[in-house]
Amino acid sequence: MNRTIRAIVGAALVLVIAFSGISISQNLGRRWKVDVTDQKLYTLSDGTKAILGRLNQPIKIRFFYAKTAAMKGPDQIRFFNNYSEFVRALLDEYVAASNGMVELQVIDPRPFSEEEEQALRLGLRRFPITEEENFFFGLAVQTQFGVEKTIPFFSPDRQNFVEYDISYLIDTAITRQKTRVGIMSSLPVMGDDVTGYMAQMMRMQGQQPKPAWTIVEHLRQKYEVTEVPTDLTDINDVDILLVIHPKDLPERTQFAIDQFILKGGRAILCVDPHCIVDRPQQNPMQMTAQKQSSDLDRLMRTWGLSMPANTFAGDRSLLLEAPLTANQRPQPIMGFLGLKPPCFNQEKAITADLNEVRVLFAGVLREVSPAVTDPNQPDRSSDGIVRTPLIMTTDRGNSWTVSSSFDLMFPDPDKLMARFIEGTQPVPMGYLVTGRFKSSFPEGIEVEVEADDPDEDEESDEPTMVTKRVTGLTEASADCAVAVFSDVDFLSDQMAYANSLFGKMVVGDNSALLMNTIEDLSGSGDLISIRSRGNYRRPFTVVDEIERQAERETDDEVALINAQIEGFNLELQNLATSDQAAEQEEVIGSSIIEKRRQLELKIREAQRQLREVNARRRERIEHLGAILRRFNMGLVPGVIMLIALVLGLWRSFRRRHYISHASDA
């Protein structure tokens with residue numbers, strides 16, 4: 001064998017060994033994978049593994065991605081190639097963890113093919129790229145009983161929740177029964193639930209049937225919604241209980257809620273220290289304000305939570321403006337808060353994707369020990385219950401109080417602002433509580449029931465009532481889940497929706513917060529525990545901190561000037577009242593008119609100073625932004641120039657060193 005033949009054979013053997021190595025690595029490498037991402041993006045959570053472990057029937061997952069069409073599309077479409085690879089890798093993990101119960105099909109639907117017709121039949125969203133090519137990026141889950149669930153389109157906004165969305169789809173596909181949501185409320189949230197004929201009769205009599213809240217109508221589109229009375233002893237045929245503004249609920253109803261949760265029912269509780277939409281009929285002869293608060297303190301304390309009365313959450317950095325009267329200029333109101341992403345728990349699917357939630361006079365939720373009576377006592381002991389804050393203020397938030405609810409009937413924004421002192425810790429306004437709960441009524445309750453054997457001597461037609469003790473579960477046999485929010489107004493039409501030409505329009509994420517909570521609780525407990533698939537948003541924390549520092553540096557000066565303006569205005573008002581009494585004695589050009597003029601000049605001067613302070617703060621923030629922008633623009637070229645300079649110096653040094661040694665030789 002000459003040298004040429006040996007070279008050809010050697011090259012052929014190298015190719016065979018290389019392809020064999022690649023094939024072996026592809027087959028065996030799937031079992032030996034290491035997720036080195038910071039947030040374990042390619043590792044299934046325990047909740048997903050538990051859902052897959054409970055599969056008692058094989059399911060088929062069809063992943064539609066028009067890769068061929070995407071390659072022909074613009075950059076905005078080709079962007080989805082990496083996203084689709086991530087979804088595909090995650091689906092492979094589902095198959096690997098399902099013990100053969102999940103079958104995966106990856107489909108690239110081509111024009112005029114059966115796969116394209118299948119995608120359209122399943123309701124996947126189609127994006128035309130050319131006259132023939134269509135872009136699809138969705139998923140369908142099918143059980144052996146013919147149940148089909150789809151994700152019409154993997155939106156980039158939901159990339160953090162791909163695992164949650166897929167697991168939710170699988171969990172709901174194998175669950176045949178539609179989720180039943182029961183609503184219990186002291187407010188008319190359900191409207192006048194009358195038939196069309198009765199509604200017409202009411203209109204003929206000059207009465208207009210009250211519509212249900214818009215959030216209830218949205219729930220009816222997705223769930224089976226029923227009304228649960230506020231006076232009952234047992235709750236049945238409900239999967240999720242939504243309690244809105246439980247005001248003065250009788251003990252028997254609280255006992256029914258307690259037992260419903262201990263039996264495995266999930267609940268969402270919305271309480272409020274001062275509900276604006278609860279406007280009781282005011283008696284002109286009654287001088288005291290009627291109650292507009294609600295609570296379930298006995299149950300909440302068992303869960304380790306408490307909401308103090310007449311105490312509200314505040315945060316100057318989150319204040320929203322609103323006019324208090326029709327002709328008044330909008331002004332910031334302490335307690336009217338627009339919660340931003342830093343206020344949401346980024347580790348929970350319920351809140352991690354929210355952008356803005358508006359609350360009005362929301363209460364403060366505090367963790368307390370069920371064993372102590374002091375509501376302000378923090379609980380640091382381990383009682384087996386996990387309390388996870390969902391929504392909160394920023395770390396500049398704090399609580400503020402009023403002496404009575406009368407102070408909020410005609411609120412004075414300046415006085416409310418004066419009650420607030422900036423804090424250093426976030427103030428929670430929503431909690432997710434999970435764990436094995438104990439009963440709030442371990443001894444049961446006493447109820448009045450009709451006697452089985454009435455006294456025959458009694459001649460009255462009224463039934464004889466006797467007291468009977470009713471008992472129930474003292475501890476849950478499995479983990480429970482309850483979501484508690486300290487505001488009711490955020491669900492109302494005034495806060496969550498706005499009128500438009502096309503009807504009610506969603507404002508912010510108020511409705512999304514409730515829908516997310518119901519979706520989370522309606523799944524299995526494993527779905528609740530599924531975390532978001534990483535946080536792709538990288539906030540400019542350094543910039544935010546410098547901005548906050550700039551605001552803090554001017555806060556004292558702004559507060560001092562505002563106090564001066566308020567003092568001048570008050571002095572001016574007092575002068576106006578005294579002016580009326582003295583006008584009979586004074587003439588134009590008198591000392592009162594001169595003093596008023598001086599006060600007005602002082603007010604204008606203070607307002608000018610306030611504008612200068614605000615302008616100085618804005619200029620500093622903008623200057624900071626310009627510095628950072630220049631730094632980002634010059635960072636990469638600067639690094640390259642530095643490397644080039646170092647390499648140049650090193651080569652120059654080596655050249656001189658070589659020449660020096662050569663000359664010596």
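**View 1. Salt bridges across the whole structure.** A search of the entire structure turns up 20 salt bridges. Here a salt bridge means a side-chain nitrogen of Lys or Arg within 4 Å of a carboxyl oxygen of Asp or Glu. Side chains of opposite charge can pair when their charged atoms come close. The model is predicted: local features need pLDDT of at least 70, side-chain atom pairs count only at pLDDT 80 or more, and totals for chains, interfaces and linings use all residues. Residues are numbered from 1 along each chain as its sequence is written, and side-chain values use heavy atoms, with hydrogens and water left out.

**View 2. The salt bridge of D171 and R54.** The side chains of D171 and R54 meet at 3.4 Å, N to O. D171 sits in helix α7 (residues 162-173) and R54 in the loop between α2 (46-53) and β1 (59-65), so the pair ties together parts 117 residues apart in sequence. Helices (H or I, at least four residues) and strands (E, at least two) are DSSP runs, numbered from the N terminus. D171 is buried, at 7% relative accessibility. R54 is partly exposed, at 40%. Buried means under 20% relative accessible area, exposed over 50%, and partly exposed in between (1.4 Å probe, protein chains only).

**View 3. The salt bridge of R220 and E217.** These side chains meet at 3.2 Å, N to O. R220 and E217 are three residues apart in helix α9 (residues 214-222), so about one helical turn separates them. R220 is partly exposed, with 30% relative accessibility. E217 is partly exposed too, with 35%.

**View 4. The salt bridge of R396 and E422.** The closest N and O atoms of R396 and E422 are 2.9 Å apart. This pair links distant parts of the chain, 26 residues apart. R396 lies in the loop between β17 (385-392) and β18 (398-401), and E422 in the loop between α12 (413-418) and β19 (428-435). R396 is buried, at 7% relative accessibility. E422 is partly exposed, at 28%.

**View 5. A network of salt bridges.** Salt bridges link R62, R121 and E148 in a network.

**View 6. The largest cavity.** About 40 Å³ of space lies inside it. The structure holds one cavity of 30 Å³ or more. On a 1 Å grid over the protein atoms alone, a cavity is a set of points where a 1.4 Å probe fits but cannot get out; a pocket is an open set with protein on both sides within 12 Å along at least five of seven lines; lining residues have an atom within 4 Å of a point. R158, Y164, A349, I350, N516, E519 and D520 line the largest cavity. Helix α14 (residues 510-522) gives the most to this lining, with three residues.

**View 7. The second largest pocket.** Its volume is about 1100 Å³. Of its 44 lining residues, Y168, T172, K222, E519 and S522 are the closest to the centre. β6 (148-151), α7 and α14 each supply at least two lining residues.

**View 8. A nonpolar patch on the surface.** F631, L635, V636, V639, I640, I643 and L647 form the patch, with about 650 Å² of accessible area together. Patches use residues with over 30% relative accessible area and no salt bridge: like charges are joined within 9 Å, nonpolar side chains (Val, Leu, Ile, Met, Phe, Trp, Tyr) within 5 Å. Areas come from the Shrake-Rupley method with a 1.4 Å probe. I643 lies in helix α17 (residues 591-664). I643 is partly exposed, at 48% relative accessibility.

Notes
Points joined across faces, edges and corners; volume = space filled by probe spheres on them.
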